[in-house]
Amino acid sequence: MLKRIAVSELRIGMYVDELCGSWMEHPFWRTRFQLKDANDVGRIVDSGIQEVWIDTAKGVDADPLASQVATRAQAEAEIERKLQAAAQAPAQSAARASMGEELERAHAVYIRARPAVLSMFNEARMGQVVGSETAARLVDDIYQSVQRNSSAMISLSRLKRADDYTYMHSVAVCALMIALCRQLGLGEDDTREAGVAGLMHDIGKALIPERILRKPDKLTDDEWGKMKSHPEVGAAILARGAYGKIPLDVVLHHHEKIDGSGYPHRLAGNAISLFARMGSVCDVYDAVTSNRPYKAGWLPAEAIRKMAEWAPGHFDDKVFQAFVRTVGIYPVGTLVKLDCGRLGVVVEHNDQALLKPTVNVFFSIQSQSRVAPELIDLAERHCSHRIVGREDPAAWGLTRVDDIWTGAPIRL
């Protein structure tokens with residue numbers, strides 16, 4: 001049986017099935033291993049991780065009287081409650097273009113962004129002042145795309161090449177920050193500044209050795225220390241340029257956590273600014289949904305559910321709920337099963353009805369084969385279909401699922 005326990009309940013002999021947090025938040029390469037000595041336990045405690053899942057069939061059980069013990073079924077029920085609460089909350093809607101209309105324009109912005117971001121990282125690497133004018137122009141392009149249809153740029157960014165992650169992650173977080181600002185009803189000036197913050201949040205990694213950024217196994221304590229230095233390094237880089245308060249704050253504090261276990265200053269609760277709390281959610285979501293040289297990204301809907309599980313200690317609850325309304329419970333690109341026994345891919349996010357996106361249905365479960373594609377708007381008044389679950393394309397032998405929502409293979 002899988003049980004979620006607090007790290008304070010860990011004992012030698014337990015089998016850790018999952019560490020409750022993004023792999024970017026801890027130095028461990030594997031997430032499944034048996035605790036063989038006190039050093040194993042100590043490293044988990046020192047990492048700042050608050051909870052873990054243990055498999056009692058493979059190792060020592062937890063104390064059944066411990067108040068922190070929770071089963072997977074209990075956790076799933078709590079996650080569903082949180083997502084349903086987000087789905088029922090009022091949402092901001094300002095999409096002016098369809099997904100299909102905006103994808104081509106978003107693609108053009110994305111292609112232009114790559115050399116611009118690469119140039120900014122190179123300036124930082126060479127000790128030069130990173131021009132705020134270049135950042136502002138790029139943010140304006142991304143801002144305009146998100147205003148027309150936020151799903152296009154956000155979903156497109158997920159298709160970034162693994163070897164481009166360090167640079168294009170910045171573009172994705174910029175788009176997510178702008179879209180989240182809109183969801184929270186923030187003004188245009190703050191929204192643009194938040195976009196700059198998202199674009200520059202990892203600029204400190206320009207001075208982290210590539211061998212550490214791309215290392216395929218666990219980091220040494222020294223390497224992890226260097227990795228965790230990037231917020232302070234980044235803030236020092238931005239301080240030399242004409243950047244405002246919001247970008248400086250987000251660059252420095254996007255790895256802080258609500259429970260005070262983050263870094264670099266272990267801030268907690270309201271000591272973390274709204275924009276830094278937003279940056280934390282946006283950064284983690286794109287990190288865990290992106291393919292890396294050493295790890296495949298999670299599916300978007302899986303990431304949302306995982307993040308909901310971590311939310312109590314990691315994220316601000318109101319910000320996280322607004323983020324769920326921004327990307328959807330079933331983000332664009334999610335493979336879902338309908339009650340009619342067919343599979344489809346979410347191709348359009350409905351921010352007024354998160355549980356009722358537009359789905360391109362293309363596969364029959366009964367015949368185990370593809371069928372003629374059919375576009376179904378689950379929010380349409382006379383539509384009787386509903387989603388009964390999210391699915392893993394690999395489990396059905398389906399490949400190139402992303403081509404279904406993009407309309408054609410896209411090269412980034």
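A: Happy to. This is a predicted model, in which local features need pLDDT of at least 70 and side-chain atom pairs count only at pLDDT 80 or more, while totals for chains, interfaces and linings use all residues. Residues are numbered from 1 along each chain as its sequence is written, and side-chain values use heavy atoms, with hydrogens and water left out.

Let us start with helix H5, residues 150-157. Helices (H or I, at least four residues) and strands (E, at least two) are DSSP runs numbered from the N terminus. Eight of the eight residues of H5 are buried, so the helix is largely enclosed by the rest of the structure. Here buried means under 20% relative accessible area, exposed means over 50%, and partly exposed lies in between, with a 1.4 Å probe and protein chains only. The buried residues are Ser-150, Ser-151, Ala-152, Met-153, Ile-154, Ser-155, Leu-156 and Ser-157. They pack against H3, H4 (132-148), H6, H14 (317-327) and H15 (402-406), where contact is defined as heavy atoms within 4.5 Å.

Of these partners, take H3 (residues 99-125), whose axis is 8 Å from that of H5 at an angle of about 50 degrees. The axes are lines fitted to C-alpha atoms, for helices over the stretch in contact, and angles run from 0 to 180 degrees between N-to-C directions. That angle makes H3 oblique to H5: under 35 degrees counts as roughly parallel, over 145 as roughly antiparallel, 65 to 115 as roughly perpendicular, and the rest as oblique. From H3, the residues involved are Met-99, Glu-102, Leu-103, Ala-106, His-107, Val-109 and Tyr-110, which meet Ser-151, Ala-152, Met-153, Ser-155, Leu-156 and Ser-157 of H5. By class, this contact of H3 with H5 has eight nonpolar, four polar and one charged residues. Ala, Val, Leu, Ile, Met, Phe, Trp, Tyr, Cys and Pro count as nonpolar, Asp, Glu, Lys and Arg as charged, and the others, Gly among them, as polar.

Two of the partners of H5, namely H4 and H6, also pack on each other. Their axes come within 10 Å and cross at roughly 50 degrees, and H4 and H6 are therefore oblique to each other. H4 passes H6 in a right-handed crossing. Val-139, Ile-142, Tyr-143, Val-146 and Gln-147 of H4 make this contact with Val-171, Cys-174, Ala-175, Ile-178, Ala-179 and Arg-182 of H6. The residues of the contact of H4 with H6 divide into nine nonpolar, one polar and one charged.

Now to the core. The largest nonpolar core has 95 residues, and Ile-142, Leu-199, Met-200 and Phe-323 have the most contacts inside it. A nonpolar core is a set of buried Ala, Val, Leu, Ile, Met, Phe, Trp, Tyr and Cys residues joined through side-chain atoms within 4.5 Å. H6 (residues 165-183) gives the largest share of this core, with twelve residues. Apart from it lies another core, of 14 residues, which includes Leu-10, Leu-19, Ile-54 and Ala-62. As for Met-200, leaving out residues up to four places away in sequence, it touches Met-120, Val-130, Ala-135, Leu-238, Tyr-243 and Val-251.

Val-251 is one of the buried residues of H11. Seven of the nine residues of H11 are buried, so this helix is largely enclosed by the rest of the structure. Its buried residues pack against H6, H7 (188-200), H10 (230-239) and H12.

Pro-264 lies in the loop between H11 (245-253) and H12 (274-289), and the peptide bond from Tyr-263 to Pro-264 is cis, with omega near 15 degrees. Most residues other than glycine have a negative phi, and most peptide bonds are trans. Gln-368, which is not a glycine, has a positive phi of about 55 degrees, and its place is in the loop between strands E8 (358-364) and E9 (369-377). Phi of Arg-400 is near 55 degrees, also a positive value. Arg-400 sits in the loop between strand E10 (387-391) and H15, and is exposed, with a relative accessible area of 56%.

Methods: Left-handed = near helix turned anticlockwise from the far one by under 90°.
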